[in-house]
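Visitor: I am new to this structure and would like a close look at a single part of it. Could you take me through the nonpolar patch on the surface and what surrounds it?

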Amino acid sequence: MLTSFEGLYRNGQIKIADLPTGIPDGTKVIVTFLKSDEINLEALGINRADAQILRASLFTFAEEWDSPEMSIYDNYDVAKKH
């Protein structure tokens, strides 16, 4: 039987949004990475009110961050190796 749980991969770790119950230690898992442009803020512990505050705080940086010159940081880890 397969059971699926949603989670988030960050800093080399997988955080499961709703921890399963009744799964014995040592149970094998299959992890599938999904490409998504959408960010699940609730899974990150950010509620709607906090998101509004963050959006308003970061709004002033949007024009600079979206400028063509900032594309150098799109693949920063790859560029850093060279």
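Guide: Let's start with Ile 23, which is partly exposed at 41% relative accessibility; buried means under 20% relative accessible area, exposed over 50%, and partly exposed in between, using a 1.4 Å probe and protein chains only. This is a predicted model, where local features need pLDDT of at least 70, side-chain atom pairs count only at pLDDT 80 or more, and totals for chains, interfaces and linings use all residues. Residues are numbered from 1 along each chain as its sequence is written, and side-chain values use heavy atoms, with hydrogens and water left out.

Ile 23 sits in the loop between S2 and H1. Helices (H or I, at least four residues) and strands (E, at least two) are DSSP runs, numbered from the N terminus. Ile 23 belongs to a nonpolar surface patch with Phe 5, Tyr 9, Ile 14, Ile 16, Leu 19, Val 29, Val 31 and Phe 33, and together they have about 930 Å² of accessible area. Such areas come from the Shrake-Rupley method with a 1.4 Å probe, and for residues only the protein chains shown count as cover. Patch members have over 30% relative accessible area and no salt bridge; like charges are joined within 9 Å, and nonpolar side chains (Val, Leu, Ile, Met, Phe, Trp, Tyr) within 5 Å. A salt bridge here is a side-chain nitrogen of Lys or Arg within 4 Å of a carboxyl oxygen of Asp or Glu.

The structure holds 1 aromatic pair: the ring centres of Tyr 9 and Phe 33 are 5.3 Å apart and their planes meet at 85 degrees, so the pair is edge-to-face. Rings of Phe, Tyr and Trp (its six-membered ring) pair if their centres lie within 6.5 Å; planes under 30 degrees apart are stacked, over 60 edge-to-face, and the rest tilted. This pair links distant parts of the chain, 24 residues apart: Tyr 9 is in strand S1 (residues 7-10), while Phe 33 is in the loop between strand S2 (13-16) and helix H1 (48-58). Tyr 9 is partly exposed at 47% relative accessible area, whereas Phe 33 is exposed at 57%.

Now to the strands themselves. S1 and S2 run antiparallel, joined by 4 bridges; strands pair if DSSP finds at least two bridges between them. Leu 8, for one, has Lys 15 in S2 as its bridge partner. The two strands form a hairpin with 2 residues between them.
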